[in-house]
Amino acid sequence: MAADRVFAYGAAAGLLGDLLLGDPRRGHPVAAFGRAAAAVERVLWRDDRSRGAVHTAVCVGGAVALGSLAARAVRRSPAASVALTGVATWAVVGGTSLAREARAVGRALQAGDVEAARERLPHLCGRDPQALDADGIARAVVESVAENTSDAVVGALVWGAVAGVPGLVGFRAVNTLDAMVGHKSPRYRRYGWASARLDDVAGWPGARLTAVLAALCGPDPRGAVRAWQADAGKHPSPNAGPVEASFAGALGVRLGGTLSYGGRVEHRPVLNGGGRPVAVTDIDRAVRLSRRVGWLALAAGVAARRMLKGRAL
């Protein structure tokens, strides 16, 4: 079976598996990778960029090597190759967990239980929930859904289309390391620099594809394009900027502004300033848009692999 069909069938099966099963409660491969990465950190950590670069190389290189060995072991069996791609896709994408957590916060807000929403928010993002009122929580959820559509779904599918199973697991390793050590805390400002920069590079194509697809299938395509062009470059993240701006324009809402991480207040630029404030009902709208974007990303990845195959022939 051709590699493009292996990816198409396997990735579709993996997305369906995520839709039907979600993430496992125990024994998740990404959690196992996180424990291994933390063990490597305990050995290597110094307040030094070069040590952090070695950490990144060991963890990401190890994940890619394992993915490559697994793919090589089953390459003679089309069924096994499809199954491996499906399992890898299911393991690295997180669309169902993203939707579940976002909607749980939304239900709490709709019930008027702001404290319950605050308790649930850390399952979705790293902001200080006590610093947020109901409107701020709703905005945080929509922004997290937008950003994680790229990080947890589209980015993985892009690299899976490019490099198969090694691309799938390699992207998730990069993204997980960034979440672990890529932030600008005193401990990780230097040590996590390499992981953060690699995540910027690896996330670049998926973020742009996410922004394009959000504009194509969102309620307001022109608004998405306008917000992307006008505001994406103002965001401190080169990848979150296009995604959040496109989602904001597509949904007709205003994102960005003041937020708090770990007691540190940040004043971020407003995205789609002409939009209305986020309402609780926009959480479900953002989740539905995220779902559509994920499936369109799979279609785009399959089409890209077929085009590359045609050129090779």
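My entries below go from the whole chain to a single residue.

I noted at the start that this is a predicted model, where local features need pLDDT of at least 70, side-chain atom pairs count only at pLDDT 80 or more, and totals for chains, interfaces and linings use all residues. Residues are numbered from 1 along each chain as its sequence is written, and side-chain values use heavy atoms, with hydrogens and water left out.

I looked up the secondary structure and found 11 helices and two strands, where helices (H or I, at least four residues) and strands (E, at least two) are DSSP runs numbered from the N terminus. Along the sequence, the pattern reads α-α-α-α-α-α-α-α-α-α-β-β-α.

The C-alpha atoms fill a box of roughly 55 × 45 × 35 Å along the principal axes.

I then read that 50% of the 313 residues count as buried, meaning under 20% relative accessible area with a 1.4 Å probe and protein chains only. Among contacts (heavy atoms within 4.5 Å) between residues at least 6 apart in sequence, 70% join residues at least 24 apart.

Last, I turned to Asn272, which lies in the loop between β2 (264-267) and α11 (281-312). Most residues other than glycine have a negative phi. Asn272 has a positive phi of about 60° although it is not a glycine, and Asn272 is buried, with a relative accessible area of 14%.
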